[in-house]
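Trainee: I am new to this structure. Please take me closely through its aromatic pairs, and then through what surrounds them.

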Amino acid sequence: MNKTIFEITKMDCPSEENLIRMKLDGIPSIANLDFDIPNRKLTVFHSGETDQIEKSVIELNLGGKKISTAQTDQTEFNENANQKKLLWTVLGINFAFFLIEMTTGIISKSMGLVADSLDMLADSFVYGISLFAVGGTVIKKKRIAKLAGYFQITLAIIGFVEVLRRFFGDEKLPNFSTMIIVSIFALIANGICLYILQKSKSKEDAHMKASMIFTSNDVIINLGVITAGLLVNWLSSSKPDLIIGTIVFVLVIQGAFRILKLSK
């Protein structure tokens with residue numbers, strides 16, 4: 001048995017972990033994957049060479065690079081029996097906030113909230129692919145990934161068109177208080193998801209480090225929408241909301257392309 005450690009610089013939340021798990025699924029030489037999200041490290045226990053594993057990690061464009069490979073005597077691994085239950089929990093939280101942010105975003109005329117709702121939906125897709133294809137074939141997972149990726153891109157393009165329409169049109173100001181309040185609740189929800197998933201890994205990760213929360217893309221997006229809400233009120237302009245919406249739509253499309261890579 002060999003133990004290969006990878007540094008993955010863009011692995012800052014559990015959705016990236018699930019992308020990596022799906023990408024490496026089907027490689028017969030892999031015995032176990034051990035993720036250390038706070039330190040951006042992935043330890044792969046495997047037999048044979050690392051070439052195929054390293055290629056798969058690099059293809060995800062998450063800043064992955066091999067640090068070391070060494071032999072190990074470890075051959076038994078503890079699988080978390082509650083992993084599926086935990087994934088259902090975070091899937092439920094993310095999908096619920098997709099609905100909440102999409103609804104309040106449309107009502108309050110905030111593209112920032114609408115875009116953030118799609119980011120929540122993107123995370124739901126990642127967890128959903130992991131769950132719905134459990135026990136299924138690699139081909140089945142790839143088909144689901146392809147559908148999810150294209151659906152996500154379609155929604156993001158519609159969002160871009162709406163941003164352009166509002167930028168050049170004469171729209172009412174978005175409701176800044178709704179933007180701030182809903183984003184604060186979304187921020188709390190993301191923190192809870194991160195805590196639930198990290199707590200399940202091991203005793204060492206049971207107490208989530210504060211720095212880990214604030215390096216999460218999802219949390220940064222929530223803070224961006226809150227900031228945009230404050231600027232909308234201060235400047236009496238919808239431009240900050242449109243700008244943060246555009247940035248998040250770009251991130252959503254990037255995430256969609258990562259999902260589509262799993263379908264190849």
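**Aromatic pairs and their surroundings**

Mentor: Start in helix α3, which spans residues 83-108. Both F95 and F98 lie there, three residues apart, about one turn of the helix. Keep in mind that this is a predicted model.

A search of the whole structure finds three aromatic pairs. F95 and F98 form one of them, and the pair is tilted. Their centres are 5.5 Å apart, with 45 degrees between the planes. Why does the pair count as tilted? Stacked needs under 30 degrees and edge-to-face needs over 60, so 45 degrees falls in the remaining class. Now look at how accessible each ring residue is. F95 is partly exposed, because its relative accessible area is 39%. F98 counts as buried, because its relative accessibility is 13% and the cut-off for buried is under 20%.

Next comes the pair of F160 and F249. This pair is tilted too: 5.5 Å from centre to centre, 55 degrees between the planes. It links distant parts of the chain. F160 belongs to helix α5 (residues 138-168), F249 to helix α9 (residues 239-261), and 89 residues separate them. F160 is partly exposed, at 23% relative accessibility. F249 is buried, with a relative accessible area of 0%.

Another ring has a charged partner. The charged end of K239 sits over the ring of F167, 5.1 Å from the centre of that ring.

The largest nonpolar core has 32 residues. F249 is among those with the most contacts inside it, along with M111, L118, I129, V248 and I259. Which elements give two or more residues to this core? They are α1 (14-24), α3, α4 (111-132), α5, α6 (176-199), α8 and α9. The largest share, 10 residues, comes from α4. In soluble globular proteins, nonpolar side chains tend to be buried together.

V248 deserves a stop of its own. Leave aside its neighbours within four places in sequence, and V248 is in contact with A115, D116, D119 and I221.

Now turn to the strands. Strand β1 (residues 2-8) runs antiparallel to β3, and six bridges join the two. N2 stands opposite H46 in β3. β2 also runs antiparallel to β3, again with six bridges. Here N32 has F45 of β3 as its bridge partner. Is β3 enclosed or open? Five of its six residues are buried, so β3 is largely enclosed by the rest of the structure.

The hairpin of β2 and β3 has four residues between the strands. R40 is buried, with a relative accessible area of 18%.

S236 also has a positive phi, near 50 degrees, and is likewise a residue other than glycine. S236 is found in the loop between α8 (217-235) and α9. S236 is exposed, with a relative accessible area of 53%.

Definitions and conventions: Residues numbered from 1 in each chain as written. Predicted model: local features only at pLDDT ≥ 70, side-chain atom pairs only at ≥ 80, totals over all residues. Heavy atoms only, no water. Phe/Tyr/Trp six-rings, centres within 6.5 Å; stacked < 30°, edge-to-face > 60°. Buried < 20%, exposed > 50% of the residue type's maximum accessible area, 1.4 Å probe, protein only. Lys NZ or Arg CZ within 6 Å of the ring centre and 35° of its normal. Core = buried A, V, L, I, M, F, W, Y, C linked by side-chain atoms within 4.5 Å. Contact = heavy atoms within 4.5 Å. Pairing = 2+ DSSP bridges.
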